[in-house]
Amino acid sequence: MEHGDEHHRSTPLSHEKLAMWAFLGSECLLFGGLISTYMLYKNKLPEGTAISPGELFDIPFTSVTTFVLLMSSLTMVLSVSSITRGDLRRNRVWLLTTALLGAVFIGGQVYEFTAFYNEGAGFTTNLWSSAFFTLTGFHGVHVSIGIVMLMSLFIGNLTGRITKASAEKVEIIGLYWHFVDIVWIVIFTIVYLFPQ
Amino acid sequence: MAIVEDTPRELTTGQPAVAERPLGVLTRPTSTEGWKSWLTTVDHKRIGILYGAAAIFFFVVGGIEALLIRLQLARPGATVLGADLYNQVFTMHGVTMIFLVAMPLGAAFANYLIPLQIGTRDVAFPRLNAFSFWCFLAGAIFINTSWFLGGAPDGGWFAYAPNTGVLFSPSNGMDFFAIGLQITGIASLLSAINLIVTVVNLRAPGMTWFRMPVFTWMMLVVQVLLLFAIPVITLALFLLMFDRLWGANFFNVEAGADPLLWEHLFWIFGHPEVYILILPAFGAVSEIIPVFSRKPIFGYKFMIFSGIAIGFMGWGVWAHHMFASGIGPISVAAFSVSTMFIAVPTGVKILNWMATMWGGRLRFTTPMLFAVGLVSMFTIGGLSGVTHSVAPADTQQTDTYYIVAHFHYVVFGGVILGLFGGMYFWWPKVFGYALDDRAGKWNFWLMLIGFNVTFGPMHLLGLQGMSRRIQTYSSGQGFDLWNMVATIGSFMIALSVLVFVGNILQSYRTRNRRPPVGPDPWDGRSLEWATASPTPVHNFDYVPVVESLDDFWHRKWGEDEDGNIVRLATAEQIAQTGERRDVHLPSPSYWPLVVAIGLPIIGYGLIFNYWLCMVGGAIVLGGVYAWIMEPTDDPDAAHGPDGHDDHHDGDGDGNGATTDESEAEELEAPVG
Amino acid sequence: MTTASDSATVEDTVENDEEHEHISDWGYVKVALLLAVITALEVFTYFESVVDWGKALVPALLVMMVIKFGVVVAYFMHLKFDSQVFTRVFVAGLLFAIGVYLAMIMAFGFHPWEIFQE
């Protein structure tokens, strides 16, 4: 039998990037289910419920945190673009900025949750509140994991483990980060902006 | 997650790698022999064997549960199991057989065979593969410890909420169910991603999509189904867990929750799951039948596309599990029609297997018997399935033993017969000795007859009106005779499994007294037969080059001018010997096991004491970071005397850096 | 053996991702500006005094959502310039999610066309 090239690949694709895209495709089913559950239960809230989302939501405040998360996507691509060029200093700056913007978003979410709780809407209060906290909570956990990964990249950059050669790692973490952002795009429209 | 070292992985100088040790303390295990090496192995073949061994162990456990059920139901008014214990036993029988037997048995074949059949040395992410196994085992043990910690799950494997809420199921059993299946779900999801990347990226030169064996194709469809179905059940289990542990309202009907939400989410996962279970068996049979018919598979592309069609349509039929739940006439009509349609691609497969056998030179070895057993028994189960698709008939059949008969004909008659055939077929390749054929035939006939004696009468019981899941029944309803018959049948199945285990032991003991099996004992067609038996650790001495479908067969056999089949070469002449010793393989690792141990500790913590969650979380987090930071390779490992590093498959580990980030978040994301 | 002829087509499906058209940093900023403008438009719908969208509100919100989603995926996530395989894997998940959950919601009595009638 003739011998093939030892390093043969049937496609030029990176293992890791393909794995990440497959994972994100899978995540669509997770968030899709959470969003559908939310929509179902928002409309099933019994008449005369004391706590209604329309009164609780502070749209101007959430718009600001939404904008912050959107801009973190910009700083994320800038960090990818800088490491592709080999500009480690800018990469560091943009990674840290992205993580900080993410942290601001999480801070906003913690504030929002606290405010809702103080107004009487806890996790167990009614159908809507359980669905709301679960959906946005799942998203918040994803953002937090993203922040941990970004900070690991940042430290890697400082200690010299992240170099131009590792640009793809930054790009793959970036994919995850952008995915979390597009999930928020959907949540912001469906949860906050749809007429209550 | 990106603290990684960037040691050069390809050495152009021919010198051994002088890898830095990033933290000094992290080294990679080196042993490849002894039982400890099984804990750190990243070899897809060993992982496949581990999956298989675990599945057979749980098959015995689930089988004992089944025998207890049959003993309780053998006679009216029996008191072998109380009602509460009966609920636990039948729930755990279903959970065990589906999640801890059929799925890992499929994973065993997928892990072992996919890299061999596509001609590569390992999967794309070897350490992730090891983690998938340990994670599965951790989840499986976690669920089963519920027996000793206050009671097993008692709400059925389908766990219909709100019936599985704290109100109706106050023990911790359903918590173990929800958390344990999330842990095994992580295993399935990561394994699916791993194998998809493997099939896309690591096929041998010339191994185009339509030269891949049907088995690999079916397994690819299964991995895609897992990729998209696992998040749905994960979500449903999270909601159930939040309800049970922290008082959320998702299934709290008092607060206005819709009890159908769980049913929808569960069956959106549950119906693809049915195909996740059966397609590996279809794949195995599609390899066995051509070999023992000495004919290529009939309608290769039809087999592939019908498999893809089953996988695709499997997403559009879930509500046929809910015809009796009041989903409304439009939904019932739509899902009824889609369910009838899905019988078509399955029928295509049955016909193609029969056409493959037609006019072939049949050899009824044990694997072939099991394969034919699948074709016939699955057809019976498929036909009773079509009767369910007719919604008016289904409302009569729902929750009766007719349903139990149906799904055992497809799952036992399909999955178990098919994969038992697969075990007899590939045993020589995996272990280097064949299972005894005469004992195998005893195994087959006992199993086939026992199976029909057990589940055949259940059709009658169901149509007579006997309900599923009942703990006992009174005499005089006409159930007595057939229940006794079914119980006798179940002990015949148990006997056949004993024969199987005895066959393994006896064949192992006498392996040296019988002629060696050689690389190709059955005159096989696909690439796994083109290397030595048992498969050498590096799979292939040299990466094979593929020129056609059934390439290995066409190198052994050709046609002369008159169209007669003539032998071109023997398998021994062309198969690789596996004697090469300088192939560089990914180093073993401790961390997949460590991370997997952390997960059930978090699970116990959620149920009993949140401090344990901190411990488990610390183990997981520490394990993940150690995983990322361990050296890409063992620096002391012997490199080839020619100084040639063979990193063909090593990217998961050889290039470990990037792998690990994506792994890290995949690890963390589903766990939350 | 029917399959020898298929070999050519298959390797072709794997796009060569050599054609990496890299967007400049300024290009990314422009994309982000577009996203910011759409977000601002979305938020303005909340203040009904500015524009009364009437029945068009929900469809308009959905269109803006889809545009933002698409722009982030295509440009920030590079999908427009990357291999088709990535697109297929991701879009498969997305379409399965939309199809399955829409069917589920409809089975619960929600009709998608009603959003145009509010």
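Trainee: How many salt bridges turn up across the interface of chain B and chain C?

Mentor: First, this is a predicted model: local features need pLDDT of at least 70, side-chain atom pairs count only at pLDDT 80 or more, and totals for chains, interfaces and linings use all residues. Side-chain values use heavy atoms, with hydrogens and water left out; residues are numbered from 1 along each chain as its sequence is written, and chains are lettered from A and ligands numbered from 1 in the order in which they are written. A salt bridge needs a side-chain nitrogen of Lys or Arg within 4 Å of a carboxyl oxygen of Asp or Glu. Across the interface of chain B and chain C, the rule's count is zero.

Trainee: OK, so how much area do chain B and chain C bury between them?

Mentor: Chain B puts 24 residues into the contact and chain C puts in 18 (heavy atoms within 4.5 Å). Buried area is the accessible area (1.4 Å probe) that two parts lose on being put together, summed over both. Here 77% of it is on carbon and sulfur atoms, and the figure is about 1,900 Å².

Trainee: Inside chain B, are α5(B) and α6(B) roughly parallel or antiparallel?

Mentor: α5 covers residues 173-201 and α6 covers 214-246 of chain B, with axes 8 Å apart and an angle of about 155°. Helices here are DSSP runs (H or I, at least four residues), numbered from the N terminus, and axes are lines fitted to C-alpha atoms over the stretch in contact, with angles from 0 to 180 degrees between N-to-C directions. Over 145 degrees counts as roughly antiparallel, so α5(B) and α6(B) are roughly antiparallel.

Trainee: What about a helix pair between chains: is α3(A) roughly parallel or antiparallel to α2(C)?

Mentor: The axes of α3 (59-85) of chain A and α2 (25-46) of chain C come within 10 Å and cross at roughly 170°. So α3(A), relative to α2(C), is roughly antiparallel.

Conventions: Helix = DSSP H or I, 4+ residues; strand = E, 2+ residues; numbered from the N terminus. Parallel < 35°, antiparallel > 145°, perpendicular 65-115°, else oblique.
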